[in-house]
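Thanks for coming. I'll take a few minutes on one model, going from its contacts to its confidence.

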Amino acid sequence: MLLKEYRICMPLTVEEYRIGQLYMISKHSHEQSDRGEGVEVISNEPYTDPTHGPGQFTEKRVFLNSKLPSWAQAVVPKIFYVTEKAWNYYPYTITVIVLLYFFYMVALIATSPEEYTCSFLPKFSIHIVTKYEDNNGCNDNIFGTELKDQEREVCFVDIAYDEIPERYYKESEDLRHFKSEKTSRGNLQDGWRETQNPIMCSYKLVTVKFEVWGLQTRVEQFVHKVIRDVLLLGHRQAFAWVDEWIDMSLDDVRNYERNMHEKTNIKVCPEQQDHSTANPSSPDGIQIHERERT
């Protein structure tokens, strides 16, 4: 098991980022999806938890086969996807990711909102707990309850100055030079987290488990690198696109989200555009995935 805590600051308030996050995820998923690969939305619906109250449950399938490194392609089937389930009780969220293959019927048995098992690969999982606060990442005890004395590495992610993979770089999203017309925030200067107002932080406690002898360390380190790159890119884009979403209400962004989900599902699975929600699952029940290879 490899446990890390990521802290990603933004020149926004927590309330603003509630809209920006939903907008960014929907637009980013659409941009990164194409025929046979990308993000397919299975479910996006209100959900109430007895502890955390009302929120939103989402389930997605993320098809990644061409994005794997060569060593990973050698140990997994040629075509596969991961399933992401998220419970968003903003400003608190839980995300669970498991690995599934097209040519298996897989039952995911929900033992609690935080724990899932996979019938043929039970020792792989990613578990993410997220909390948001209006500060610059200075809260060292935000996960005191969740950590339970576990050791973790704290990683600060700088959306302006950390190096981003070259394939994702866009000049329009370079936050060292971007300035928002509507909010007048930006060009983020070196050391901006110490002087920026407003500022918020996404705290993410990420647990990666791949308990397979001979591969555990390599896979867990690789998964964390991918997660860090995704967090860096997504949070960069959320601010780079701020002028597109800053005037939206929650209802506005939910309508945008539904529209983009429909368009993205058609890009990923055009043959299923009339049947894209077959066999949806309950957020707290048992699910069986089955998909024919095309």
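Which side chain does Asp162 meet in a salt bridge? That partner is Arg228, at 2.6 Å from N to O. Keep in mind that this is a predicted model. Asp162 sits in the loop between strand 9 and strand 10, and Arg228 in helix 4, so the pair links distant parts of the chain, 66 residues apart. Arg228 counts as partly exposed, at 24% relative accessibility.

A search of the whole structure gives 13 salt bridges. Another one is between Asp140 and Arg7, with the closest N and O atoms 2.9 Å apart. Asp140 is in the loop between strand 8 and helix 3, while Arg7 is in strand 1, so this pair ties together parts that are 133 residues apart in sequence. Arg7 is buried, with a relative accessible area of 2%. Through shared partners, salt bridges join Glu5, Arg7, Asp140 and Arg152 into one network.

The next pair is Arg185 and Glu16, again a salt bridge, 2.9 Å from N to O. Arg185 belongs to the loop between strand 9 and strand 10 and Glu16 to helix 1, so here the parts tied together are 169 residues apart in sequence. Arg185 and Glu16 are both buried.

Now the nonpolar core. The largest one has 66 residues, and the members that touch the most others are Tyr6, Met10, Leu12, Tyr17, Ile126, Leu175 and Ile227. Helix 4, residues 216-240, supplies the largest share of this core, nine residues. As for Leu175, its contacts beyond four places in sequence include Ile159, Leu188 and Phe239.

On to helix 6. Its buried residues are Val253, Arg254, Tyr256, Glu257, Met260, His261, Thr264, Asn265 and Val268. Why do they lie on the same side of helix 6? Because they cover an arc of only 165° around the axis. Asp251 and Glu262, on the other side, are exposed. Helix 1, strand 2 and strand 3 are among the elements covering the buried residues.

Last, confidence. The protein chain has a mean pLDDT of 81, with 77% of its residues at 70 or more. Confidence is highest in helix 5, at 98, and lowest in strand 6, at a mean of 29. The pLDDT is below 50 over residues 101-120, a stretch with 63 contacts in the model beyond near neighbours in sequence. Residues 274-294 are also below 50, with 44 such contacts.

Note on methods
Residues are numbered from 1 along each chain as its sequence is written. This is a predicted model: local features need pLDDT of at least 70, side-chain atom pairs count only at pLDDT 80 or more; totals for chains, interfaces and linings use all residues. Side-chain values use heavy atoms; hydrogens and water are left out. Buried means under 20% relative accessible area, exposed over 50%, partly exposed in between (1.4 Å probe, protein chains only). Helices (H or I, at least four residues) and strands (E, at least two) are DSSP runs, numbered from the N terminus. The arc is that of the directions from the helix axis to the C-beta atoms. Contact means heavy atoms within 4.5 Å. pLDDT is the predictor's confidence in each residue, from 0 to 100. A nonpolar core is a set of buried Ala, Val, Leu, Ile, Met, Phe, Trp, Tyr and Cys residues joined through side-chain atoms within 4.5 Å. A salt bridge is a side-chain nitrogen of Lys or Arg within 4 Å of a carboxyl oxygen of Asp or Glu.
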